[in-house]
Amino acid sequence: MTSPETGARENTPEPLSAPDSPCVDSLVPSPNFGPRKAKVDMLVLHYTGMASADAAIDLLRSPASEVSCHYVVREDGRVVQMVAEAARAWHAGRSSWEGVSDTNSRSIGIEIVNGGHDFGLPDFPAVQIAAVIALSADILARHAIRADRVLAHSDVAPARKRDPGENFPWTMLHAAGIGHLVPPSRAEGGRFFMLGDAGQPVAALKAMLALYGYGIEVTDVYDAATAEVVAAFQRHFRPAKVDGVADAATILTLRDLMATRPGDAPQVA
């Protein structure tokens, strides 16, 4: 989940009245939504990071919270829809991808019930992941979303967020045709970069991360913001070690992702 949404609420779409997906088991409308300002071309996955599904759903439907999402997937695989896909849910907060800061306008947000880092990173039940896969596949069938724009909340907000976390089984989604992934490199040794390093190789690394989509300023200094982006990258693409240090395995995994990235960057609306 994320920080409260702010801004105008004029021209608000109609509240949720019917499911957008056959995967939906129930409707629990949230008042926290607004008009989209761009076409959907992203899917963003979160964990709820709360003690229970009911607590998360209560927060997502509370007007005072100013947070919401399109879908919640419970631990037992039941799917709750809270905001219509045609509307802009308030799930990503301050975020950026491929130079676009209004992630909420371009994305559909799925909250996956899981306690997350604050509750010991519990495993995601198989039935829950099967439901996430089915729901994601249905969304992708109805929207023009490139594989590399199926993202973690931590990808689009690396300075603030860690969800859905390094335990999330991206490999299972990828095997089902969802998302962009390569086998993570297992390289050891060699040159690596860490907090305080500087120079042209650091700038080249940051340029690659920015080209893939991360919101990072390309300078030649490996600062705290760089470490946050590298850690976010590791959580999604090289989760065996999440430390914000750009070791050989991290750099080679990024290289392979860049080499296999589908299509061209979408046009900014």
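Leaving aside residues up to four places away in sequence, Ser-107 touches Arg-36, Met-42, Val-44, His-70 and His-91. This residue belongs to a predicted model, in which the protein chain has a mean pLDDT of 94.

- Ser-107 lies in strand S7, which covers residues 107-112.
- Ser-107 counts as buried because its relative accessibility is 0%, and buried means under 20%.
- The side chain of Ser-107 makes a polar contact of 2.9 Å with the side chain of His-91, while a polar atom of the Ser-107 side chain also lies 2.7 Å from the backbone oxygen of Thr-103.

**The chain as a whole**
- The protein chain contains eight helices and eight strands, and its radius of gyration of 18 Å is close to the 18 Å that the globule rule gives for 269 residues, so the chain is as compact as a globular protein of that length.
- Taken along the principal axes, the C-alpha atoms fill a box of roughly 55 × 40 × 35 Å.
- Of the 269 residues, 53% count as buried, and the chain exposes about 11400 Å², of which carbon and sulfur atoms supply 55%.
- Among contacts between residues at least 6 apart in sequence, 71% join residues at least 24 apart.

**Confidence of the prediction**
- In the protein chain, 94% of the residues reach a pLDDT of 70 or more.
- Over residues 265-269, pLDDT stays under 50, and the model has 12 contacts beyond four places in sequence for them.
- Where pLDDT is low, the predicted coordinates should not be read in detail.

Technical notes
Residues numbered from 1 in each chain as written. Predicted model: local features only at pLDDT ≥ 70, side-chain atom pairs only at ≥ 80, totals over all residues. Heavy atoms only, no water. pLDDT = per-residue confidence, 0-100. Contact = heavy atoms within 4.5 Å. Helix = DSSP H or I, 4+ residues; strand = E, 2+ residues; numbered from the N terminus. Buried < 20%, exposed > 50% of the residue type's maximum accessible area, 1.4 Å probe, protein only. Polar contact = N/O pair within 3.5 Å; in protein donor to acceptor, adjacent residues only side chain to side chain. Rg over C-alpha atoms; globule rule 2.2 N^0.38 Å. Areas by Shrake-Rupley, 256 points an atom, 1.4 Å probe, with all protein chains shown as cover.
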